[in-house]
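These are my notebook entries on a structure that I am reading for the first time.

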Amino acid sequence: MTELIREPAVAGMFYPSDTAVLRKEVDHLLSRVQARKIEGDLRGLISPHAGYVYSGFTAANGYKLLEGKQIETVVIISPSHREYFKGISVYPGSAYKTPLGVLEVDEKLRAELMQDGGVIVSSTLGHREEHAIEVQLPFLQRVLKNFKILPIVMGDQRHDYCTLLAERLGAVLAGRQAFLVASSDLSHYYPYEIACKLDRIVIDQVEEFDPVGLSRDLETRRAEACGGGPMVAMLLAAKKLGADATEILHYCNSGDVTGDREGVVGYLSAAVLRRHT
């Protein structure tokens, strides 16, 4: 039986396709992050997923905190940019590949997660051309060793599905050395000042560790984020696993990078923590 390995889809577009160049770029982004001490046990990250030239430094602010950590499995929750489908898909193959190597999928964890009645399925839907998981992987490959991944794509980000995914993750990750990543950018293509106000709504809800409030703001269109569902699901799951605090690590938008403020995209990196036992 041939192994199903998900090949890189956006290497050479969102990040360098050459192994040495990619390694050097990720290491450079991480080296630019000032060392910071955070209080608590790191349980998860919100991380952006644009091209590295735009959001790489914001992402590096989160991944820098993972250097030297012992993590068994990284669960990455992503929106689906190119395919709409009802439900939530977990990659059915054995691995994801990047120019830095192959990352094994935690197949045992996948099997446990899918015991939900059919909303969470093993499928390539949403995975084939999706960049939001893929761009996280080179950072993980540079800061961690000996870990597996569980790539999850939300084809439908409705609140009920966020809650279901969080409940399942809370159940299957208890007692494991697992880590959660929600892959999301914030508002898209508003003028700079409007984008900052919209993004502040999301940031405030993350800072308050209020995934229910965040979900409400997203569903009523008071705020927006292309990976809002993954953020809500990750925060809910982290709470179930004992997290009790968040810390905003970095925010910017594409206007800060390019100088073009007419229509910008927002980027956020935030840590999810357990501070009290």
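Entry 1, a covered strand. I looked up which way the side chains of β3 point, and found Thr73, Val75, Ile77 and Pro79 on one side and Val74, Ile76 and Ser78 on the other, all of them buried, where buried means under 20% relative accessible area, exposed over 50%, and partly exposed in between, with a 1.4 Å probe and protein chains only. In a regular strand the side chains alternate between the two faces of the sheet. Helices (H or I, at least four residues) and strands (E, at least two) are DSSP runs here, numbered from the N terminus.

I noted for myself that this is a predicted model, in which local features need pLDDT of at least 70 and side-chain atom pairs count only at pLDDT 80 or more, while totals for chains, interfaces and linings use all residues. Residues are numbered from 1 along each chain as its sequence is written, and side-chain values use heavy atoms, with hydrogens and water left out.

Entry 2, the partners of β3. Two strands count as paired if DSSP finds at least two bridges between them. I found that β3 runs parallel to strand β8 (residues 148–154), joined to it by 7 bridges, and that Val75 has Leu150 in β8 as its bridge partner. With strand β9 (residues 178–183), β3 pairs in the parallel sense over 5 bridges, and there Ile76 stands opposite Val181.

Entry 3, another sheet. I then turned to an open sheet of 3 strands with mixed pairing, in the order β1-β5-β6. Because β1 (5–6) and β6 (101–104) stand at the edges with a single partner strand each, one side of each is left without a neighbour in the sheet. Strand β5 (residues 95–98) pairs with β6 in the antiparallel sense over 4 bridges, with Tyr96 opposite Leu103 in β6.

I compared end-to-end spans with the expected span, which is 1.5 Å times one less than the number of residues. Helix α6 (residues 192–207) has 16 residues and reaches 22 Å from its first C-alpha to its last, close to the 22 Å expected; its buried residues include Leu198, Ile201 and Val202. After α6 comes Phe209, whose phi is positive, near 50°. Helix α2 (residues 52–63) has 12 residues, but its end C-alpha atoms are only 13 Å apart, short of the 16 Å that a straight helix would reach. Because 9 of the 12 residues of α2 are buried, this helix is largely enclosed by the rest of the structure; among them are Tyr52, Gly56 and Tyr63.

How many disulfides does a search of the whole structure find? It finds 0, a disulfide being a pair of cysteine sulfur atoms within 2.5 Å. For Cys162, the nearest cysteine sulfur is that of Cys226, 13 Å away, and Cys162 counts as buried at 1% relative accessibility. The sulfur of Cys196 is 9.8 Å from the closest cysteine sulfur, in Cys252, which is too far for a bond; at 22% relative accessibility, Cys196 counts as partly exposed.
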